[in-house]
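Could you walk me through this model in my viewer, one selection at a time? I'd like to know what to click and what I'll find there.

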Amino acid sequence: MAVEEIQDGFLFEKGDVNPQLVYLISGEVTLQAAGLVVEVITAGSDSAKFALAHQIPRKIDAVANGKVRFLRLNADIVKNSPPFIDKEEDNSYMVIDETESDPDDWMTALLRSPVFQRLPPANLQKILMGLEVVHFNKGETILEQGSAGDYYYLIKNGQCLLTRKPSPNAKEIKLAQLTNGDTFGEDALLSGAPRNVTITALTDISLLRLDKKQFVSLIKEPSLKFVDYEGMQEAARKGAVLLDVRSQDDYESQHLEGSINAPFFSLRMQLKTFSSEKPVIVVCQDGKTSEAAAFLLLKNKIEAMILRGGMASLAPAAEQEIDAPLSADDRPESFPQDGDLKQPADNSSNASNIILEDQIRVLKLENEALKNANQQLSEQCKNLEFDKENAEKQCRILHKQMEKLTQVLDKLKGG
């Protein structure tokens, strides 16, 4: 197999007898015969899901419109039937039907993902060669929260569920349901931290995995971009969003002025709040968690950069732009401080202090109750979001099946 790039050239010409299947990864290709345009195919379209012009010898030319990336693949790798070979030369154009099954859908999804679009062709080729197939039965645990990261996974066929426990005794929270072409497992490889989710097979599932060393050299290093403090300031002035992915407590303790907080474990649920039109600069304590967060954003077509070294690397000159906890002098006057309290002069002032303390205790209790209610509502919101995404995926699957049935019916009517 080979991934190639060309600019305004021929992917193949009429009469070509190379039996390899050609798949369009990015760009636009014109299929033409005898100087007439048969079809213009754009990467990501329904037509681009299948190999270009299967007939051998080729009956048409395939010409790149500008810069194009494409993959040459042996037919037996995707377990397709051999390309149709027509021994009678004519100028007709035959469409080979592949609607019965799409065994190469995983490859199509992989090569067209925003992260993989950034990779050099040589890296893509090494990745495809390095993938190893593994299988799990329905109900089996694929990854367990707290375990060490060793592989990056892509779903070839099947479905799995992502869940997380905020604490060992907490109720498990459903985060997402993944299916064919989806990827997972990169968080621990990027951050160096233990797995932060559990992944369970919802069906019998076939996975393709890439070991940590290959993931780092072939995917991580060419994908992630880093900026220093000055670069971050310049990007922020141009409209970039500063995203702090530390815990809420760490953020409240100290953070960059103008930054927003979305703890990494909940970032997946908040992706829809980010605009693909604004770049994001990710900040954490040491830069490691930021790598995993940036990769997640890139997967979802959001431009992301990482503050190199995180908060720990900031120079003293940057401290003036860091919001720290309020000091005693900055706190609201309505809340008396220890140094402001004076010994009561009489029973009246003592009684006032007692009433004030009771009011403070009530406020604290109400605040705690509101926090608990907010946490419960957040969990309900996450579960509803999961159910919504699952319903949308099922709808897309049914729509795809309906399209295939329609094509089959049209063929039967035509026959």
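Start by selecting Phe12: its bridge partner in β6 is Ala62. Now show all of β2 and strand β6 (residues 61–64): two bridges join them, and they run antiparallel. That is enough to call them paired, because two strands pair if DSSP finds at least two bridges between them. The strands here (E, at least two residues) and helices (H or I, at least four residues) are DSSP runs, numbered from the N terminus. This is a predicted model, where local features need pLDDT of at least 70, side-chain atom pairs count only at pLDDT 80 or more, and totals for chains, interfaces and linings use all residues. Residues are numbered from 1 along each chain as its sequence is written, and side-chain values use heavy atoms, with hydrogens and water left out.

Zoom out a bit. Four strands make an open, antiparallel sheet in the order β2-β6-β4-β5. At its edges are β2 (10–12) and β5 (36–42), each pairing on one side only.

Next stop: His135, which stands opposite Ser206 in β15. Select β8 along with strand β15 (residues 205–211), and you'll have an antiparallel pair joined by five bridges. They belong to another open sheet of four strands, ordered β8-β15-β10-β13 with antiparallel pairing. Here β8 (132–136) and β13 (183–184) stand at the edges with a single partner strand each, so one side of each has no neighbour in the sheet.
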